[in-house]
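Me: Please take one part of this model and look at it closely. I would like the geometry and the contacts, with the cut-offs stated.

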Amino acid sequence: MEQIANIKTISIIGGTGALGTGLASRWARAGYRIIIGSRQADKAVNSAAALHKDLPDAAIEGLQNRAAAAAGDIVIMTVPFAHQRPTLEDIRSELAGKILIDTTVPLVPPKVARVQMPAEGCAALIAQQIVGENVTVVSAFQNVAADLMASDTEMGCDVLVAGDKLAAREVVIQLAEQAKFKAWHAGPLANSGAMEALTSVLIFINKRYPGSHAGVRVTGIATP
Ligand SMILES: NC(=O)c1ccc[n+]([C@@H]2O[C@H](COP(=O)([O-])OP(=O)(O)OC[C@H]3O[C@@H](n4cnc5c(N)ncnc54)[C@H](OP(=O)(O)O)[C@@H]3O)[C@@H](O)[C@H]2O)c1
């Protein structure tokens with residue numbers, strides 16, 4: 001598979017978790033070098049080793065989050081909302097000039113099936129505020145079910161991609177498509193609010209219809 005120019009290494013901050021592990025395996029299969037980031041280096045190394053068992057030829061390493069952020073040509077963060085700020089404050093000095101893909105959904109337990117948006121508007125805008133203008137935040141993957149991602153099949157759901165810079169959105173769309181999603185430009189970073197809110201709706205649907213892994217699919221597009 002043809003890789004995106006200038007992107008060889010993808011670092012996943014909080015990559016030991018559900019979403020990070022799923023994305024890691026898909027991008028590793030697509031030929032990228034993957035760095036799993038964790039607060040604890042040994043946890044990252046173990047997580048990388050576990051992925052290696054299924055993908056022995058893949059380049060997957062584990063590092064502490066800040067070192068992982070430094071090593072990535074592009075960085076994606078997959079940590080719960082409650083830990084978004086401290087995690088970004090920890091790694092932001094390593095992100096200058098890079099794209100940061102933020103996946104954060106501002107869930108406030110225990111009522112995770114209820115939309116509860118932050119005063120700042122949405123999690124992606126908070127991320128941009130924390131990392132500053134020399135980092136390009138692009139928001140994506142809020143509406144995917146991590147537990148469907150372990151296999152190598154086409155995902156039956158779409159990814160909405162929001163960000164203020166068209167070229168950066170395009171990079172993330174290509175990465176999502178290499179992970180076997182259909183992905184769409186969904187407008188400026190502020191539009192991430194709608195994507196983040198939708199996740200609580202999907203969680204509600206999953207609770208109402210047990211066994212479901214609800215996602216979204218965009219229809220009616222004239223020119224893909
Ligand atoms: N799971 C899904 O299906 C899904 C789908 C769409 C979007 N999302 C969003 O993606 C993000 C990650 O979701 P997830 O389900 O992958 O989360 P998760 O598995 O619960 O956690 C991901 C990682 O976050 C790190 N973490 C936990 N507590 C932390 C703390 N106090 N400070 C810093 N890091 C901490 C952990 O890494 P270390 O212990 O290794 O540091 C953990 O492995 C969330 O914002 C979620 O809303 C999830």
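Reply: A residue is called buried if 20 or more other C-beta atoms lie within 10 Å of its own, exposed if 12 or fewer, and partly exposed in between, with C-beta atoms placed from the backbone. The model is predicted: local features need pLDDT of at least 70, side-chain atom pairs count only at pLDDT 80 or more, and totals for chains, interfaces and linings use all residues. Numbering starts from 1 along each chain as its sequence is written.

Val-105 is buried, because 24 other C-beta atoms lie within 10 Å. Its place is the loop between β5 (99–102) and α5; helices (H or I, at least four residues) and strands (E, at least two) are DSSP runs, numbered from the N terminus. Leaving aside neighbours within four places in sequence, Val-105 is in contact (C-beta atoms, placed from the backbone, within 7 Å) with Phe-81, Ala-123, Gln-142, Glu-196 and Thr-199.

Glu-196 and Thr-199 are also among the buried residues of α7, which include Ser-192, Gly-193, Met-195, Ser-200 and Leu-202 as well. The cover over the buried residues of α7 includes α5 (123–131), β6 (136–139) and β7 (158–163). Helix α7 (residues 192–208) has 17 residues and should span 24 Å at 1.5 Å a residue, and its end C-alpha atoms are 25 Å apart, which agrees. The expected span is 1.5 Å times one less than the number of residues. Ile-205 is 100 residues from Val-105 in sequence and 16 Å from Val-105 in space, C-alpha to C-alpha.

Technical notes
Contact = placed C-beta atoms within 7 Å.
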